[in-house]
Amino acid sequence: DKKEAGGNDTMITKKIGWIGCGNMGGAILHGALKSGVLAKENAMVYDVSPAAMEKAEGWGVSLGADCADVCRNSDLILLAVKPQYAEQTLAQCQDALDGKAVISIVAGVTAERLRGMIKGCPRILRTMPNAPAMVFEGAFALCSDNDLTADEMTAAEELFSSIGVVEQVPEKLIDAVCGLSGGGPAYAAMFIEAMADGGVKQGLPRATAYRLAAQTCLGTAKMILDMDIHPGQLKDMVTSPGGTTIEGCEMLEKGGMRGTVMACVNAATEKSKKL
(Lines give C-alpha, C1' and ligand atoms only; values in the text may rest on other atoms or scores of the structure.)
Protein backbone atom coordinates (compact mmCIF):
# COMPACT_ATOMS: atom_id res chain seq x y z
CA ASP A 1 0.00 0.00 0.00
CA LYS A 2 1.11 3.55 -0.63
CA LYS A 3 2.34 5.45 2.38
CA GLU A 4 0.07 8.10 3.80
CA ALA A 5 1.38 11.60 4.34
CA GLY A 6 2.90 11.99 7.76
CA GLY A 7 3.85 8.32 8.04
CA ASN A 8 7.09 9.10 9.86
CA ASP A 9 7.64 5.46 10.78
CA THR A 10 8.57 4.78 7.16
CA MET A 11 10.25 8.06 6.29
CA ILE A 12 13.53 7.91 4.41
CA THR A 13 16.22 9.51 6.54
CA LYS A 14 18.93 9.46 3.90
CA LYS A 15 19.46 12.45 1.63
CA ILE A 16 18.52 11.72 -1.99
CA GLY A 17 19.73 13.70 -4.96
CA TRP A 18 18.00 13.88 -8.35
CA ILE A 19 20.07 14.24 -11.50
CA GLY A 20 17.26 14.90 -13.93
CA CYS A 21 13.75 15.90 -12.90
CA GLY A 22 11.71 15.45 -16.06
CA ASN A 23 8.48 13.48 -16.38
CA MET A 24 9.66 10.28 -14.70
CA GLY A 25 12.22 11.72 -12.29
CA GLY A 26 9.77 14.43 -11.31
CA ALA A 27 6.97 11.92 -10.78
CA ILE A 28 9.13 9.88 -8.41
CA LEU A 29 10.17 12.98 -6.47
CA HIS A 30 6.65 14.41 -6.29
CA GLY A 31 5.19 11.09 -5.21
CA ALA A 32 7.76 10.58 -2.47
CA LEU A 33 7.18 14.10 -1.13
CA LYS A 34 3.38 13.90 -1.37
CA SER A 35 3.24 10.51 0.35
CA GLY A 36 5.37 11.77 3.23
CA VAL A 37 8.03 9.11 2.66
CA LEU A 38 10.65 11.76 1.88
CA ALA A 39 10.98 15.16 3.54
CA LYS A 40 11.74 18.08 1.23
CA GLU A 41 14.78 18.86 3.37
CA ASN A 42 16.26 15.51 2.33
CA ALA A 43 15.94 16.08 -1.42
CA MET A 44 18.17 17.98 -3.83
CA VAL A 45 17.70 18.40 -7.58
CA TYR A 46 19.73 19.41 -10.59
CA ASP A 47 18.37 19.50 -14.13
CA VAL A 48 19.66 21.34 -17.18
CA SER A 49 16.09 22.48 -17.86
CA PRO A 50 15.16 25.75 -16.09
CA ALA A 51 11.50 24.64 -16.16
CA ALA A 52 12.35 21.40 -14.35
CA MET A 53 14.37 23.31 -11.75
CA GLU A 54 11.50 25.74 -11.25
CA LYS A 55 9.10 22.82 -10.79
CA ALA A 56 11.37 21.24 -8.16
CA GLU A 57 11.82 24.56 -6.38
CA GLY A 58 8.05 24.86 -6.19
CA TRP A 59 7.97 21.58 -4.26
CA GLY A 60 10.33 23.09 -1.69
CA VAL A 61 13.42 20.97 -2.32
CA SER A 62 17.00 22.22 -2.54
CA LEU A 63 18.51 22.98 -5.92
CA GLY A 64 22.04 21.93 -6.79
CA ALA A 65 24.48 24.18 -8.60
CA ASP A 66 25.41 21.29 -10.90
CA CYS A 67 25.52 17.49 -11.02
CA ALA A 68 28.62 17.24 -8.83
CA ASP A 69 27.02 19.50 -6.19
CA VAL A 70 24.02 17.16 -5.94
CA CYS A 71 26.26 14.10 -5.66
CA ARG A 72 28.43 15.61 -2.92
CA ASN A 73 25.39 16.55 -0.82
CA SER A 74 23.41 13.30 -1.18
CA ASP A 75 23.65 9.77 0.18
CA LEU A 76 21.78 8.27 -2.78
CA ILE A 77 21.60 9.70 -6.28
CA LEU A 78 18.68 9.01 -8.61
CA LEU A 79 19.94 9.18 -12.19
CA ALA A 80 16.93 10.14 -14.31
CA VAL A 81 18.27 11.30 -17.68
CA LYS A 82 17.68 10.07 -21.22
CA PRO A 83 20.04 7.25 -22.28
CA GLN A 84 21.83 9.37 -24.88
CA TYR A 85 22.78 11.92 -22.20
CA ALA A 86 23.92 9.47 -19.52
CA GLU A 87 27.63 9.44 -20.34
CA GLN A 88 28.08 13.21 -20.61
CA THR A 89 25.99 13.77 -17.49
CA LEU A 90 28.01 11.30 -15.43
CA ALA A 91 31.25 12.86 -16.68
CA GLN A 92 30.09 16.16 -15.18
CA CYS A 93 29.84 14.47 -11.80
CA GLN A 94 33.64 14.03 -11.87
CA ASP A 95 34.63 11.89 -8.85
CA ALA A 96 31.68 12.99 -6.66
CA LEU A 97 29.98 9.60 -7.14
CA ASP A 98 32.90 7.64 -5.73
CA GLY A 99 31.59 5.51 -2.86
CA LYS A 100 28.02 6.73 -3.37
CA ALA A 101 24.88 4.76 -4.21
CA VAL A 102 23.42 5.41 -7.65
CA ILE A 103 19.83 4.44 -8.50
CA SER A 104 19.43 4.43 -12.27
CA ILE A 105 16.15 4.64 -14.16
CA VAL A 106 18.05 5.13 -17.43
CA ALA A 107 16.44 2.81 -19.97
CA GLY A 108 18.58 0.24 -21.74
CA VAL A 109 21.84 0.98 -19.93
CA THR A 110 23.22 -1.91 -17.87
CA ALA A 111 24.78 -1.47 -14.45
CA GLU A 112 28.10 -2.57 -15.96
CA ARG A 113 27.94 0.13 -18.64
CA LEU A 114 27.01 2.75 -16.06
CA ARG A 115 29.95 1.74 -13.90
CA GLY A 116 32.25 2.31 -16.86
CA MET A 117 30.92 5.85 -17.26
CA ILE A 118 31.53 6.83 -13.64
CA LYS A 119 34.81 8.00 -12.17
CA GLY A 120 35.42 6.07 -8.96
CA CYS A 121 33.65 3.10 -7.39
CA PRO A 122 29.94 3.70 -6.90
CA ARG A 123 27.31 1.21 -5.82
CA ILE A 124 24.62 0.82 -8.48
CA LEU A 125 20.98 -0.22 -8.49
CA ARG A 126 19.36 -0.45 -11.91
CA THR A 127 15.59 -0.05 -12.05
CA MET A 128 12.84 -0.13 -14.66
CA PRO A 129 9.88 2.21 -14.02
CA ASN A 130 6.83 2.77 -16.20
CA ALA A 131 4.69 5.73 -17.25
CA PRO A 132 1.86 5.37 -14.67
CA ALA A 133 4.38 6.52 -12.07
CA MET A 134 3.25 9.97 -13.23
CA VAL A 135 -0.13 9.34 -11.57
CA PHE A 136 1.36 7.47 -8.58
CA GLU A 137 0.43 4.03 -9.95
CA GLY A 138 3.80 2.87 -11.25
CA ALA A 139 5.16 -0.64 -11.64
CA PHE A 140 8.84 -0.72 -10.70
CA ALA A 141 11.36 -3.51 -11.13
CA LEU A 142 14.51 -3.24 -9.02
CA CYS A 143 17.48 -5.39 -9.97
CA SER A 144 18.11 -7.81 -7.12
CA ASP A 145 21.75 -8.29 -8.13
CA ASN A 146 23.04 -4.94 -6.91
CA ASP A 147 25.69 -3.85 -4.42
CA LEU A 148 23.75 -1.31 -2.38
CA THR A 149 23.90 -1.64 1.39
CA ALA A 150 20.85 -2.99 3.19
CA ASP A 151 19.91 0.52 4.39
CA GLU A 152 20.28 1.96 0.91
CA MET A 153 18.15 -0.78 -0.60
CA THR A 154 15.45 -0.20 2.00
CA ALA A 155 15.45 3.50 1.13
CA ALA A 156 15.16 2.69 -2.58
CA GLU A 157 12.23 0.34 -1.95
CA GLU A 158 10.45 2.96 0.17
CA LEU A 159 11.04 5.59 -2.50
CA PHE A 160 9.45 3.57 -5.29
CA SER A 161 6.73 1.87 -3.25
CA SER A 162 5.41 5.31 -2.30
CA ILE A 163 4.08 5.64 -5.86
CA GLY A 164 3.47 2.12 -7.06
CA VAL A 165 4.22 -1.60 -6.92
CA VAL A 166 7.80 -2.81 -6.47
CA GLU A 167 9.20 -6.15 -7.60
CA GLN A 168 12.79 -7.37 -7.48
CA VAL A 169 14.21 -9.29 -10.44
CA PRO A 170 17.76 -10.21 -11.51
CA GLU A 171 19.17 -7.86 -14.13
CA LYS A 172 19.10 -10.62 -16.76
CA LEU A 173 15.27 -10.38 -16.64
CA ILE A 174 15.08 -6.59 -16.92
CA ASP A 175 14.48 -6.84 -20.68
CA ALA A 176 11.39 -8.95 -19.96
CA VAL A 177 10.20 -6.25 -17.56
CA CYS A 178 10.75 -3.69 -20.33
CA GLY A 179 8.62 -5.80 -22.68
CA LEU A 180 5.89 -6.35 -20.09
CA SER A 181 5.37 -3.37 -17.78
CA GLY A 182 7.59 -0.92 -19.63
CA GLY A 183 5.56 -1.15 -22.83
CA GLY A 184 2.42 -2.37 -21.07
CA PRO A 185 0.76 1.05 -20.76
CA ALA A 186 0.75 1.28 -24.57
CA TYR A 187 -0.74 -2.20 -24.94
CA ALA A 188 -3.38 -1.47 -22.30
CA ALA A 189 -4.21 1.86 -23.93
CA MET A 190 -4.74 0.11 -27.27
CA PHE A 191 -7.09 -2.38 -25.58
CA ILE A 192 -9.03 0.45 -23.94
CA GLU A 193 -9.27 2.26 -27.27
CA ALA A 194 -10.49 -0.91 -28.99
CA MET A 195 -13.13 -1.55 -26.32
CA ALA A 196 -14.30 2.04 -26.62
CA ASP A 197 -14.49 1.70 -30.41
CA GLY A 198 -16.76 -1.30 -29.91
CA GLY A 199 -19.00 0.77 -27.67
CA VAL A 200 -19.07 3.62 -30.19
CA LYS A 201 -20.03 1.17 -32.92
CA GLN A 202 -23.02 0.22 -30.79
CA GLY A 203 -24.03 3.85 -30.30
CA LEU A 204 -22.25 5.04 -27.16
CA PRO A 205 -20.86 8.60 -27.21
CA ARG A 206 -17.08 8.57 -27.66
CA ALA A 207 -16.26 10.29 -24.33
CA THR A 208 -18.58 7.96 -22.44
CA ALA A 209 -17.07 4.90 -24.10
CA TYR A 210 -13.52 5.95 -23.21
CA ARG A 211 -14.41 6.64 -19.57
CA LEU A 212 -16.26 3.34 -19.17
CA ALA A 213 -13.47 1.34 -20.84
CA ALA A 214 -10.65 3.03 -18.92
CA GLN A 215 -12.39 2.73 -15.55
CA THR A 216 -13.21 -0.91 -16.26
CA CYS A 217 -9.53 -1.72 -16.81
CA LEU A 218 -8.51 0.32 -13.77
CA GLY A 219 -11.07 -1.40 -11.57
CA THR A 220 -10.20 -4.85 -12.86
CA ALA A 221 -6.51 -4.33 -12.11
CA LYS A 222 -7.38 -3.08 -8.63
CA MET A 223 -9.52 -6.14 -7.93
CA ILE A 224 -6.67 -8.47 -8.95
CA LEU A 225 -4.14 -6.62 -6.78
CA ASP A 226 -6.27 -5.73 -3.76
CA MET A 227 -8.25 -8.98 -3.56
CA ASP A 228 -5.21 -11.11 -4.52
CA ILE A 229 -7.23 -13.16 -6.97
CA HIS A 230 -6.08 -14.91 -10.14
CA PRO A 231 -7.11 -13.16 -13.38
CA GLY A 232 -8.82 -16.37 -14.50
CA GLN A 233 -10.87 -16.39 -11.31
CA LEU A 234 -12.07 -12.87 -11.99
CA LYS A 235 -12.96 -13.83 -15.55
CA ASP A 236 -15.01 -16.75 -14.22
CA MET A 237 -16.79 -14.42 -11.78
CA VAL A 238 -18.02 -12.25 -14.66
CA THR A 239 -18.88 -14.91 -17.25
CA SER A 240 -22.36 -16.18 -16.44
CA PRO A 241 -23.43 -19.46 -18.10
CA GLY A 242 -25.00 -18.72 -21.48
CA GLY A 243 -24.56 -14.99 -20.91
CA THR A 244 -23.24 -12.02 -22.87
CA THR A 245 -19.69 -11.98 -21.53
CA ILE A 246 -18.84 -15.53 -22.60
CA GLU A 247 -19.92 -14.58 -26.12
CA GLY A 248 -17.35 -11.79 -26.07
CA CYS A 249 -14.68 -14.06 -24.59
CA GLU A 250 -15.25 -16.56 -27.41
CA MET A 251 -14.54 -13.84 -30.00
CA LEU A 252 -11.32 -12.86 -28.22
CA GLU A 253 -10.21 -16.50 -28.25
CA LYS A 254 -11.09 -16.86 -31.94
CA GLY A 255 -9.07 -13.71 -32.64
CA GLY A 256 -6.04 -15.20 -30.90
CA MET A 257 -5.85 -12.49 -28.25
CA ARG A 258 -3.80 -14.48 -25.72
CA GLY A 259 -1.23 -15.64 -28.25
CA THR A 260 -1.01 -12.18 -29.80
CA VAL A 261 -0.41 -10.51 -26.44
CA MET A 262 2.26 -13.08 -25.54
CA ALA A 263 3.94 -12.47 -28.90
CA CYS A 264 3.72 -8.72 -28.27
CA VAL A 265 5.58 -8.96 -24.95
CA ASN A 266 8.09 -11.36 -26.48
CA ALA A 267 8.81 -9.04 -29.42
CA ALA A 268 9.31 -6.03 -27.15
CA THR A 269 11.60 -8.06 -24.88
CA GLU A 270 13.75 -9.26 -27.78
CA LYS A 271 14.03 -5.69 -29.07
CA SER A 272 15.14 -4.53 -25.64
CA LYS A 273 17.87 -7.18 -25.62
CA LYS A 274 19.23 -5.83 -28.90
CA LEU A 275 19.43 -2.20 -27.79
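I take buried to mean under 20% relative accessible area, exposed over 50%, and partly exposed in between (1.4 Å probe, protein chains only).

**Basis.** I work from a predicted model, where local features need pLDDT of at least 70, side-chain atom pairs count only at pLDDT 80 or more, and totals for chains, interfaces and linings use all residues. Residues are numbered from 1 along each chain as its sequence is written, and side-chain values use heavy atoms, with hydrogens and water left out.

**Helix 8.** I looked up Met195 and found it in helix 8; helices (H or I, at least four residues) and strands (E, at least two) are DSSP runs, numbered from the N terminus. Met195 has a relative accessible area of 32%, so it counts as partly exposed. Ala194 also belongs to helix 8, which spans residues 184-201. Ala194 is partly exposed because its relative accessibility is 46%. I noted 9.5 Å between the C-alpha atoms of Ala194 and Tyr210, which are 16 residues apart along the chain.

I then turned to the open sheet of 8 strands, whose order is 3-2-1-4-5-6-7-8, with mixed pairing; two strands pair if DSSP finds at least two bridges between them. Strand 3 (62-63) and strand 8 (164-169) stand at the edges with a single partner strand each, so one side of each lacks a neighbour in the sheet. I recorded Gln168 in strand 8 as the bridge partner of Leu142.
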